Amino acid sequence: MSTDLSEFRDETRTWLESNCPESQRQPVKRDEVIWPGRCQKFPSEDGRLWFERMRDKGWTCPGFPAEYGGGGLDNAKEKILREELTRLRCRPPLTDLGISMLGPALLEFGTDEQKREHIPKIVRGERRWCQGYSEPGAGSDLASLQCSAEDQNDHFLVNGSKIWTSFGTESDWIFCLVRTNKEGRKQDGISFLLIDMQTPGLKAEPIDLISGESEFAQVFFDDVTVPKRNLVGEINKGWTIAKTLLKHERKMMSELGAGFLAGGLTLAQAARQYLNENDGDQIEDPLIRNSVAQHEMNMRAIALTGYRTHQEDQAQQIDPNVPLIMKYLGTSEVKVKDELMVDIMGLQGMGWCDDSFNQNELRANRELLFNKALTIAGGTNEIQLNIIARHALGLPQE
Amino acid sequence: MALALNEEQIMLRDMARNFFAAKSPVGEFRKVRQKPLEHRYSEAVWNNMVELGWSSALIPENLGGCEFGVIGTGLICIESARTLAPTPLVTTAAIAAQALLECEASLVRDQLLRAIANGSRTVTYAHNEGSHYDPEKIRTLATLDNNCFSINGTKQFVPEASYADICLVVAIDTPSTDTQPCLYAVDMQQEGIENRAVSLIDYRQYANLEFKNVRVSAAKRLKWAYSPRKSIAFIENTATILTACELYGCSLEVFSRTIDYLKERSQFGRKIGSFQALQHRAAHAYTQLELLKTVVLDALSAANEQTRDLSIAASHVKALANDTAHLVMTESIQMHGGIGITDELDIGLFYKRARVLRTRHGSSDFHRARFASLNGY
């Protein structure tokens, strides 16, 4: 390795060790995630410090170009930074769809003006972004979406509705797929539009879920005026951008399960605590033990496969079909774990709200209920299998 | 941990793939299964493999070997399973050679390794005694008597044992306070060995061996290079991983033939591969095969580097290979319809081979329980 890179690693390690507060070096719980924008709240003073220090180095988005306020790191240095963050188990200083999805899309498809307006605010955590893709009539068949943007010469007039918008009520801006042409192939009449959620005529309403939470919103557009400069890419060419973003989303979702669940009980700990009659490490119920081992093997296989794609990528022998399977496998396995955890806890794991139940127990059934979304959002399991059948196996289409 | 193959390994794999397709297609296996039970292997294919150096894949260069390591050996085993090549590759070149390499260097050991390398001797390894995999249960005894050992006991379903020249027998020394198993190199021509060939559904060569006062000189009692427990565990782990490699090879082949069939067979006026009910099942099987590929590479690499979590990797790969082979084989038969259960189609031959391999070196439940113990639960 060049001296430049090993120096960078040393400097980074030293800087992280003196700047990442001790409390920010543990797995993050759901209510401790730091989000950007007008509703930004810090769960702790340490969280605020950690966010501000990383923000000031541009390391909330280490790979974004420095001219737009990003960290400006090349791939090699960004990888070193990520390795050092993992080594210290640092929490993400900021979490947002702007960082993981819109930012990379703007850098690839946006104009210089768009980058100057939006990227610095994403890096500094000043705007929270949400995504407007699905509609009440366009779920798995996303390309049939109807929410329309009419060309009014100097602006677009947007009418329609978006649904399953994660954190739609707390976000500042929304990136949307809208219909700009009703003729021809449905994929060819879609455009990609950025919309300020404070614009008159726009309204976001929370949707109550079986988990008791309302992470998703429905967003209504009633004659919403959007400036022409907010169109990303060419008119009617938004589907290409959407497909690129869906790949990011699926990759994120395939990694998501393990991250959020960290910090609670492991299945083995739970089995000892709720089921074992005697002291001892071995799970006494042989069927539960078998199921736990099966699940842990699957998680190990999925994690190793992620690592394999990384190694194949570096050896330039990547199989483009392998990333296709990760969302399907990762999200399905998280649901297996949730069901198993509640089985292990029994009725004690099904408490809704009461001080008869501890945090782990309440959390177990909230995960169980909420995570049913994982195999639906970002392309259902069935859509994923369709994609695998077509692209990886080359099976004939109807 | 190497989960991507290097150039040398890719070359070896491609060479093996071409070799088995050309020299030992499934038709060769069909010929061999007509032979008498005692001769169920292809001498011609094996001789070719010896010439290519594959009988010595694991053996170090200073003993006349090619030293491909466990990864290279595993790659050949995978490719050999794709055409059901009936040779002593796994038994002699992989498992018996590995057992000898776990022993201290000695005249007997080094001669045997050289003989495996140059193809002059077929060697089998007899550890498991019964119908189920139970490596802890060893009842075969070796009694010291006048500078000689006398072996008594039974080993069932020993692969390639009817035509092997040498059998490496795992036995417990007696009388001794130490009940650790030792390894004996037994000449199969020796008096007192009852060697009865058994016929299993996979048409391969197995025999039940009964040892009655079989005399073995002290020099043929091989000394473990490390502790007996550690050496035996390493041999068993390697054998388990290579058996999983065979299962992976069989599964890959059957899956690829099934995808071809889905693309060519028409019913109701369309290719059956266009039906979503079949597409989803095929796509799911593909995801499992990709996971298996990863875990096979992980386990081979763990054996190659002798890492501390080798036992975990071995149990993981065998359980996953068993389950994936079961899924792929049964789905393939079902998707082929009636022809899938005929002897004319090769799919059934792969199914029968895989069914035996799933039981050898441990069922999925066995390995899940072991995986749980190794992980502290």
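**Interfaces and cysteines in the predicted model**

Three salt bridges are counted between chain A and chain B. The model is a predicted one. One of the salt bridges joins A:Arg300 to B:Asp298, with 3.1 Å between the closest N and O atoms. A:Arg300 also belongs, with A:Met297 and A:Arg308, to the residues of chain A that lose the most area to chain B, and these three together account for 19% of what that side buries.

The size of an interface is often given as the accessible area lost when the parts come together. For chain A and chain B this area is about 3,600 Å², of which 62% lies on carbon and sulfur atoms. The contact draws on 40 residues from chain A and 47 residues from chain B.

Within chain A, three domains are assigned: domain 1 covers residues 3-123, domain 2 covers 129-232 and domain 3 covers 241-392. The C-alpha centres of domain 2 and domain 3 of chain A are separated by 30 Å. Their contact involves 15 residues from domain 2 of chain A and 12 residues from domain 3 of chain A. About 1,100 Å² is buried between domain 2 and domain 3 of chain A, with 74% of this area on carbon and sulfur atoms. On the side of domain 2 of chain A that touches domain 3 of chain A, nine residues are nonpolar, four are polar and two are charged. Zero salt bridges are counted between domain 2 and domain 3 of chain A, and one residue pair, both at pLDDT 80 or more, is in polar contact across their interface.

The cysteines were examined for disulfides. A disulfide is a covalent bond between the sulfur atoms of two cysteines. Over all chains, the count of disulfides is zero. In the case of B:Cys103, the closest cysteine sulfur is that of B:Cys182, and because the two sulfur atoms are 9.6 Å apart, they are too far from each other for a bond; the cut-off for a disulfide is 2.5 Å. B:Cys148 is likewise in no disulfide, and its nearest cysteine sulfur, also that of B:Cys182, is 15 Å away. B:Cys103 is buried, with a relative accessible area of 2%. B:Cys148 also counts as buried, at 17% relative accessibility, since the limit for this class is under 20%.

How values were computed:
Residues numbered from 1 in each chain as written. Chains lettered and ligands numbered in written order. Predicted model: local features only at pLDDT ≥ 70, side-chain atom pairs only at ≥ 80, totals over all residues. Heavy atoms only, no water. Buried < 20%, exposed > 50% of the residue type's maximum accessible area, 1.4 Å probe, protein only. Domains from an automatic or database assignment. Contact = heavy atoms within 4.5 Å. Buried area = accessible area lost by both parts, 1.4 Å probe. Salt bridge = Lys/Arg side-chain N within 4 Å of Asp/Glu carboxyl O. Polar contact = N/O pair within 3.5 Å; in protein donor to acceptor, adjacent residues only side chain to side chain. Nonpolar A, V, L, I, M, F, W, Y, C, P; charged D, E, K, R; others polar.
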